[in-house]
Structures are given as structure tokens and as C-alpha cells.
Amino acid sequence: MNHIRSEDFPQGRHKGHKGRVIKSLVRCRNWCSGVKNLIFGLIIILILNILPFHQVEALPVLVQQGKELFQASRFTEAVTIWQQALNQQKAQGNLSTQAMLLNHLSLAYQELGQWQQAEAAISSSLKLIQSNRNSNNLVSRKLIFAQALNTQGSLQLAQGKTEQALHTWQKAAGAYTEAGSISGKIGASLNQAQAQQALGMYLQARKTLKELEQTLLNQPDQELKITGLRSLGNVLRLVGDLNDSHRVLKQITKIQNINTTFKQHLSLTFLNLGNTARAQGDTEAALAYYKQAIATSSRGIKQLQAEINKLSLLIETKQQADAEILSQQILSKLTDLPTSRVAVYATINFSQSLMKLGDGNQKSSAKILAKAIQKAKNLGDQRAESYALGYLGGVYEKNQQWSQAQDLTQKALQIAQAINASDIVYQWQWQLGRILRARGAVEQATGAYKVAFTTLKSLRSDLVAINPDIQFSFRESVEPLYREYVETLLSEENSGKIEPSQENLKQARAVIESLQLAELDNFFRSACLQGQIVPVEQIEQSQAAVIYPIILKDKLEVIVSIQGQLLHHYSTKVSQAQLEQVLEELRLSLEKPYTTPEGKSLAQTVYSWLISPIDTELLQKQIKTLVFVLDGSLRNVPMAALYDGKQYLVEKYSIALTPGLELLGPKPLNRGKIKTLVAGLTEARHGFSSLPNVNDEVAAIKSEIPSEVLLNQTFTSSALRKEVDTLPFSVVHLATHGQFSSNADETFVLAWDRPVKVNELRELLRGREEIQPEPIELLVLSACETAEGDKRAALGLAGIAVRSGARSTLASLWSLDDASGARLISHFYRELAKNNITKAEALRQAQLELLKDPDYRHPIHWAPYVLLGNWL
């Protein structure tokens, strides 16, 4: 079940074109929730409050009434009032007031999902401003113009026009500066940082935010300082800078002010701190902050939001007794809430928490949702109505009342489609697929899954998780759709045969590749990975077989593509929990300094799942390279160490990994231009131990290939960038500590001056593209390792492989500072320099060299090295 959780912002929410969420008072526990959030509390101040009323010709009472309705989330009523005011101002010929009202109307139309009206309103506003150049009050005109640009930027971002939005917000910042509005410039700068993040311009985004923080700290206006710092803290959390988010938000709590308004700011700040602590995985701190938020807020919706966040965290951390008590307290307060969008979403959110508390709460949850549906209808809020109807359908689904569940889901789907809310549409298409399959209508269910998958894929550039906290939600509300669709495609009841059709196998392969791309989007909190469509059939001319393992709840499905043949398919009945247990034990066994019979047995089990059924075909077709598109926990295990009872897999085949052929198309290495930039650390830095064997590794590389070396103090992040930008290196070799994590913020390589995070590494290595036409052919990370205790840590390795811009990445799953590493790397480069040998085969030969040596024959020495991307 998807889950809507109360958001941390004080008022209102924006959606984008076709339902793409931009600003949110509630955060849906689905992909749309973390998408391109703008800081709405500050935006409303900028749009509705920044312009003093006396600066426009005696604003009518209707304008103020509309503003109050808007801030109470009563958008339909606000539109009606503002439209009346606009008609009055047209009759009086007040152009400035008309422009301002049209701006307000555009915001309200965006809230209601009425995109054409929103576009028309803001276009009319800008035209009026341009035509009113003779306004008596120049400052007023400039402020209205700046606000209109701010609103236009929001609409452009909503429509997926991120670059245009960034440009518009830059113009807005300039207009605010000309008008002398510091608060306006701050808001536009926050928006720019969000757009820069969405475009993958991470260094620029962080620079913008750093400059903004200093501006806020120097603000004499306490109200602006507090609101701006809170908004900045939220943006920092959204872009993944959790430590800075906590630091900035904590500054607000140190401000000495005891008035009532400040107490409300403090309550919201504690709520934000709780959300940041939750994203950091610090449950104890998050609960403490939520408690403070509750204690410092007055009764009403803001207190309820904190309680709902606390409740969802208690449920998530299985504190059942405390959750039960809190749920009863919340339930007693819901009836006292005034009708508003905030109240409707709080009600929907609470109903989902009730469902997670246990099956005994289904009846209560259904009653609450029925009331939410009626309130949404009264407000004319179709998005909220669709959510409430769909979630009510989910209650009936869980209770196996299929007919009612289907009827409610279809009604929710119709409303979402009518308002082009694709971010909601895919959820109800997916839910309909589940219900239809449960009712035995497999063909219809497959169709429902297909359209849900297509809808979700079309939203890729707009529905990406920005907050690391959303990663849990990704696994709950996005990832299962892909897997359930694959399961339906490959099910026996779908084809009526034991074996799925070739059409279904091809679609299943496409779906699992899309999941790989979606996971990386979620990892980076942006959709900047542009897939290079490379048909598998065109690639397998190099005697390679592409193997797609797909982990489902109760089985492991495998699809194999071999050139000139129909797709192969086989499956093993093994639960996901059992499979993950075997993989975890195998990984631990491989890292031991000796080989155990138990370890070989585990490696043989995984071999039997992945390779045994296709062994004969691989031999008959003289396959030389196995390319794995690994799924889930399989990424944590080196395929080279799989064992058939007599030989390791690497003794029979070259092996490569790829996050998906849609992402990384292979291309042979230009042997005549191999030149290496080697950067490494031998000394202890930033809490990491020394790496004395790196000296031998660097010497070994220099003996095999022409190399430029940056060692210790000379290996700074700026020096690395300078070398990459100025000299035509085809290989960049980093012999330094590094970590791969499922969190992009914790995935880095260590330079002398600081850790270089994965997003910075991308900009650092890709900066040369404007200067050097040829990309880096190979990135080598020889002393890195996956984060301890992180089952999805290898996702960070895939992230670096894709993000770096290098055609191939050679990296280690665990770090060994011994002579074996230098020996393997030396042999790898010796092989790489030869003609007519692929990178994958060069790695294989280097691994075999160690395997033959009695001192290094155990997998701990040769198995951790994996090649990702281009294997040719």
C-alpha cells in the first residue's frame, strides 16, 4: 500500500503538468512525493505577502479574502474570489492589480491541476506588466514582474522544462534585486538550487546554497531569517546534504525570541529536524524532534502533522504499543479539523498508518477515507478525491472484497486521468492490475500492469526521489510495480503454457532494464542518466551472452540472450529471503583468507541457479564472455567466484557487469592511445588508514603503460580536475580509499584534501568533455569497498560507473592492501596493452594469474575485482 505522510511545509502544495508534483504540503509515500519540491512556505510569502498593499491602488477586500482562502488550501474558492476581483479591476483599468491577480490565479490553477488556465493566467500577467511601462510606481511594477517570473518558473518546472525554469528563476532573482527585495531574491535562489539539482548541476547547486546561507545569516529581519533558514534546511535535505540540513535547521533553535509567531516557527523547525534525522536513519533523534514539535505547537493541523509523522515512524520501527496509543490520540482530533486540503491529506495519511497498524483497523480506516472523499468533493479537490478513493479501494483489496476494490479503483483512476495527474494514475493502474490478477483475469491484469509501467516510465524525468528518505518509499511504491509486472508476464497462467512467449520475455527484459535505470535515478535523486538505446541483438557479435537474473518473492527468474537464438528462460523456486541469505553467507565466505567447503558449496548453489541450465548452450555457441545485468543482492557477489564443482566461473569465461545495455553500449578500446593518469594515497588521511602497497601498484602501472602520477599531497581534487581537463588520458586510475553505498551522499573516493562524492566525481571527470573530445575509456578504483552492513551498497558502484562518464569501470567490492592488488593490476595493464584482447579478458587473465599462485589462490585476493560497462 502506498502511504501519504504529512509534509513539513506550513501551507499549500503545487503540482506540475500531468500531475507532476512540485511543491507539497503532504509527501506521498511514492515517487512523486520527493519530486522537485520547492519551498512553499517561503514561496507563498514571496508571491502573496511581499508586495505591500499600499503599493498597488488600494487593493480591494476581495484580494485579501482570496489570499486567506488560498493559504487555507481552499483553492477553488480562492479562484472564484480572485476572478471577481479581477473583473472589478478590469472595469477600473488598474493594470498593476490585474497583473498581480492573474499571477495569484495561476498559482491557484496549478494547485487545482488546471494547467491550461495556469499557463494562460501567467502569460496574461506578464503581458500586462510589459504593457504597463508607464506605471507611476516603478518598484511596484518590478516586484510584480519578479513574482510573475517566479510563478512562471514553477509552471515550467512542472511541465518538465527544467532548463527554462532555471533561466526564468535567474531572471526573477535579477528582477528582485532591481526592486530591492532581498526576500524575493532569496526565494528565487532557493528555486534555482532546486532546478540545478534536478539538472545534475550538483556543484553549482551547493555553491548557490552556500552563498544563500551567508545572506540569510546576515539578515536583520528575524522573520525572513527564520523562514529562509528553515526553507534552506529543507532544500539541503531534499538534495541529500543531510548534515548541512541539520546544522542549518539547528541554528533557528538558537535564536532568542519568545513571541507566539516564533513558537510556531520553532514547532515547524523541530518537525523539519525530525524529518532530517529520519532521513539520516537516526530514529531516536527523529522521535525526540517530533515530540518537541508537538510540544511547541498549538493544537490544530500543525500539531497533527507532527503527530502523524511520529506515528508513521513508530510503525516503521515496529514500536507497536506506542503507535497504538498515539493513533487513538490522533483519531480524537480529526473530527475537529476545519475542512481544507491540509485536513483531507492528514486524514488520508492517518488512514494509511491505521492500515499498517494491523488488519483490525481496516473498518476504521475505511470510515476515515469515506469522510475524506466527501470533504475532497466539497472542496472541489479532485486530486485529493482520487487519492482517497484509490486508498479506499486498497482497503477493500486488502480485505479481498474484489468487486468493491475494483469499482473504487476505477473511479479513482478516472478522476486522475481526467485531470492528467499521471503521478496518481500509475498507482491506480497498478492497483487495478493486482486486483484483476487476484480475480483470475490475468490477460486484463497484464494490460493494466503494462499501462502502469508505461505511465511510470513516461514520468521518469519528473518523478525522481530527491530526499534519501524516499529510497525506502521507492522500494515500497515503485520497485514492486516492475517486479509484479515481470512476474505476471512470466507466469504460466498468462501464456497458458509452461514457457512464456518470446514477446513476454522481451517485455520482461525491457522492464528489468527500466528498473535498473529507475534505481539509479532514485540513487542520484535526479533523472540525468540519458539512456543510450543499444539493441541487445546488435551487441552480441562479440561471442557474449547477456544474463538477466530477476529476483521475485518466491522465485528467481533468469532470461538469457545469445546472438542468433530465441531468448532462453529458466527459473528456480527459491524465496527472496532464502536467496538473500545464501548470497550474504557466500559474500562473507569469499572475504575469508582461506577457502572453505561451505563457501564452495554456496558458490555452487548460486551457479546452479544462474548458469547450470544454460551451460550446454554456452559451450555449443562457444561463448567467451558472460555479461550480467544483476539484480538486487546479486550485485554484492562477484560472479567470477561462482563454482561448478570443478572450476570457478572465471576459469571458463570473461565476465562483465552492466547496469543495463540501455545505459552503457560497448565500444572497443583504442589501443594506440592508452595513457594513464594515476592518483593515489599511501598515507593515512581523514580517518582512513595508510595504503603502503599503493607505491608498488603505482610503480607497476608506470612499468606497463605511459602514466602521469599524482601521489599523496599532489593528489588533490583540484589537481585531479586540472590533469583530466588538460591532458588526453584514456585511463584514470585512482588507488585510494573509497566507499560504495546505496546512499549517493556516502559514495566517494578519497583525495588528499577531502572525500570526493560521486556527484562531484561526475563533474570532475566529465568537465573535460568541452575540451577533450574523447571520453575516458576506463576508470579504475583499486582500493574501494562496499559499505559495511549495506545490502544495496553495490548500487553505489553502478552509480559511479554510469555517472563518471567513463566507458568502463574496474573496481573492487572489498579492499585488500596487500601485494596481491599490485600484482593483479600490473598484469591487467600488461594484458590491456595487447591487441585483440577485450578489457573483460584482460581482467580474467589477471585473475587467473593470481588463482594459479598458491599464495593468492583464494577468492579473497582475485574475486573482488569487477568490470562494469563496456567489456570490449
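Start at Asn420, which comes after helix H19 and has a positive phi, near 55 degrees. This is a predicted model, where local features need pLDDT of at least 70, side-chain atom pairs count only at pLDDT 80 or more, and totals for chains, interfaces and linings use all residues. Residues are numbered from 1 along each chain as its sequence is written, and side-chain values use heavy atoms, with hydrogens and water left out.

Helices (H or I, at least four residues) and strands (E, at least two) are DSSP runs, numbered from the N terminus. H19 covers residues 402-418, 17 residues in all, and spans 24 Å from first C-alpha to last, close to the expected 24 Å. That expectation is 1.5 Å times one less than the number of residues.

Buried residues of H19 include Ala405, Leu408, Ala412 and Ile415. Buried means under 20% relative accessible area, exposed over 50%, partly exposed in between, with a 1.4 Å probe and protein chains only. Helix H18 (382-398) and helix H20 (422-438) are among what covers the buried residues of H19.

Now the strand. Why is strand E12 described as largely enclosed? Because 9 of its 10 residues, 731-740, are buried.

Two strands pair if DSSP finds at least two bridges between them. E12 runs parallel to strand E10 (residues 676-680), with 5 bridges, and Thr676 sits opposite Val731. E12 is also parallel to strand E15 (residues 778-786), through 8 bridges; there Val731 faces Leu778. With strand E13 (residues 748-750) the pairing is antiparallel, over 2 bridges, and Gly738 has Val749 as its bridge partner.

Note on methods: Contact = heavy atoms within 4.5 Å.
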